[in-house]
Amino acid sequence: MSREDYERISAELDAARQKDHPREYDTLSPEEKEALLYWIGHAIQAAIKADDDHTSYGLKFEYERETNLHVSNAQFKGAMLVAGYVPTKPGEQNWHFMIQPAHKESRAARKNQRTHDPVYRSAPQGEQDPQFAALIQAALAFRKGSGVIQ
């Protein structure tokens, strides 16, 4: 179903000449796609209402902070479609989704933070995911080998 959503919404946006078109997702290497989809699958979960505080543009920065892998807003939007998340308003440049963080933090922990720690992350704060770390390293190695500058 998610690949069909990707194709359907991308086709609809072709006619509209959408800025940050989700088809840019196809420019990512298989290693980059795997790391990005893993992050989405572990950092984000479906919700009954849209997250009005986080757009595709903001979420891509959450991903970049955790991985040091740059993706464009367009690539992130495509990945969200492939992962099965449909935007609430596809015609907008920065999409909102019916999502919530997969890992909840206490209100007290968030209130006492002095720096911006991501709300969306692949594992609970302070925990490491060796499988995800390996995916990140593979994507970074691909970029280094292909001459992509971070």
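Reader: In what order do the elements of the chain run from the N terminus on? After that, take me to helix α2 and E31.

Author: This is a predicted model. From the N terminus, the order is α-α-β-α-α-β-α-α. That makes six helices and two strands. The chain has 150 residues, and 39% of them are buried. Among contacts with a separation of 6 or more, 68% join residues 24 or more positions apart. The exposed surface comes to about 8500 Å², with 52% supplied by carbon and sulfur atoms.

Now the core. The largest nonpolar core holds 30 residues. W39, I40, I44, Y63 and F76 touch the most other members.

I40 shows some of the packing. Leaving aside residues up to four places away in sequence, I40 touches F76, A79, M80, A83 and Y85.

E31 also lies in α2. Its relative accessibility is 28%, so E31 counts as partly exposed; buried would require under 20%. With residues up to four places away in sequence again left out, E31 touches A138, A139 and F142. R143 is 112 residues from E31 along the chain. Even so, 9.3 Å separates the C-alpha atoms of E31 and R143.

Notes:
Residues numbered from 1 in each chain as written. Predicted model: local features only at pLDDT ≥ 70, side-chain atom pairs only at ≥ 80, totals over all residues. Heavy atoms only, no water. Core = buried A, V, L, I, M, F, W, Y, C linked by side-chain atoms within 4.5 Å. Buried < 20%, exposed > 50% of the residue type's maximum accessible area, 1.4 Å probe, protein only. Contact = heavy atoms within 4.5 Å. Helix = DSSP H or I, 4+ residues; strand = E, 2+ residues; numbered from the N terminus. Areas by Shrake-Rupley, 256 points an atom, 1.4 Å probe, with all protein chains shown as cover.
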